[in-house]
Amino acid sequence: MQTRTTPGAMLKAMREKPPLVQCITNYVAMNIAANVLLASGASPAMVHAADEAGEFARIAGALTINIGTLSTQWIDGMQAAAKVATSAGKPWVLDPVAHYATAFRRNAVAELLALRPTIIRGNASEIIALAGGESRGQGVDSRDPVEQAEGSARWLAERQQAVVAVTGVVDFVTDGERAVRIEGGSVLMPQVTALGCSLTCLVGAFAATAPEDIFGATVAALSTFAIAGEEAARGAAGPGSFSWRFLDALAALDSETLDARARISAA
């Protein structure tokens with residue numbers, strides 16, 4: 001069996017056997033999320049209708065759910081897919097976008113949390129609020145620093161028995177026992193629509209590749225994004241040129257470079 005203990009090894013394994021990832025994401029994110037997965041070496045499928053989402057989850061390697069543009073029909077599809085993924089032992093990722101903004105979102109997230117996501121990825125404000133704390137989030141934007149959400153992330157990971165990833169200037173990942181911080185990225189990344197949503201899909205791709213090491217897979221996905229972001233920023237004049245350079249950087253990133261440049265430290 002191929003060793004998949006480092007981010008680079010996981011990236012190499014993913015490209016050798018591209019996983020099929022079911023991405024139930026928002027309208028804004030669909031195109032960039034699909035392109036991010038393709039550039040990284042995975043195979044995206046934007047399947048969200050309740051009529052087929054559950055059936056499709058059975059054949060996908062992983063499922064990702066993002067509540068950015070909710071509707072009752074989409075919630076039905078999300079729940080159907082999550083139920084099948086959980087029962088089939090497939091990893092699935094929850095991205096609770098602005099879940100604190102309305103009662104509709106709060107109820108939807110509560111129902112999805114009850115279906116036991118394998119990984120929860122959000123910004124600091126989302127994770128703080130998900131753990132029952134007071135956040136300063138406004139809409140989809142975080143107003144809290146990642147370090148302020150670390151305690152909430154640890155609590156949430158223990159309560160949900162899930163890996164929790166808090167993304168921001170310096171990312172934080174924990175399973176309730178282990179925890180690491182990941183440095184990298186670019187200040188231009190928050191200026192490109194739906195990059196965070198795309199990261200959720202990439203986390204699903206790595207989880208499908210290494211389901212035996214969900215914590216390591218999450219760290220690998222965030223490290224991949226961080227290094228690609230650094231590389232894309234080198235020649236970017238602004239968010240427009242950064243966007244296409246980021247996809248190119250993902251496609252060009254190899255396993256050796258990822259392992260050599262990833263900045264992961266124990267937290």
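Most residues other than glycine have a negative phi. A positive phi in a residue other than glycine is also found at Ala194, where the value is near 70 degrees. Ala194 is placed in the loop between strand 8 (179–183) and helix 8, and with a relative accessible area of 12% it is buried, since the limit for that class is under 20%.

The confidence of the prediction bears on how such local details are read. The protein has an average pLDDT of 94, and 95% of the residues score at least 70. Over residues 137–141, however, pLDDT stays under 50, and for this stretch the model has 14 contacts beyond four places in sequence. Where pLDDT is low, the predicted coordinates should not be read in detail.

In the pair formed by helix 2 (residues 30–40) and helix 8 (residues 195–209), the axes come within 8 Å and cross at roughly 45 degrees. The crossing in which helix 2 passes helix 8 is right-handed. On the side of helix 2 the contact is made by Ile32, Ala33, Val36, Leu37 and Ser40, and on the side of helix 8 by Leu195, Ser198, Cys201, Leu202 and Ala205. When the residues of this contact between helix 2 and helix 8 are divided by class, eight are nonpolar, two are polar and none is charged.

In the pair formed by helix 4 (residues 72–88) and helix 5, the axes are 10 Å apart and the packing angle is about 10 degrees. Because angles under 35 degrees count as roughly parallel, helix 4 and helix 5 are assigned to that class. Helix 4, too, passes helix 5 in a right-handed crossing. The residues that make the contact are Thr72, Ile75, Met78 and Gln79 of helix 4, together with Phe104, Ala108, Glu111 and Leu112 of helix 5. By class, the contact of helix 4 with helix 5 comprises five nonpolar residues, two polar residues and one charged residue.

Lys83 is found in helix 4 and is partly exposed, with a relative accessible area of 48%. Although Lys83 and Pro117 are 34 residues apart in sequence, the distance between them in space is 9.8 Å, taken from C-alpha to C-alpha. His99 lies in the loop between strand 4 (92–95) and helix 5, and is buried, with a relative accessible area of 5%. When residues up to four places away in sequence are not counted, His99 touches Ile67, Arg105, Arg106, Val109, Glu126, Ala129 and Leu130.

Key. Residues numbered from 1 in each chain as written. Predicted model: local features only at pLDDT ≥ 70, side-chain atom pairs only at ≥ 80, totals over all residues. Heavy atoms only, no water. Axes fitted to C-alpha atoms, helices over the stretch in contact; angles between N-to-C directions. Helix = DSSP H or I, 4+ residues; strand = E, 2+ residues; numbered from the N terminus. Left-handed = near helix turned anticlockwise from the far one by under 90°. Contact = heavy atoms within 4.5 Å. Nonpolar A, V, L, I, M, F, W, Y, C, P; charged D, E, K, R; others polar. pLDDT = per-residue confidence, 0-100. Buried < 20%, exposed > 50% of the residue type's maximum accessible area, 1.4 Å probe, protein only. Parallel < 35°, antiparallel > 145°, perpendicular 65-115°, else oblique.
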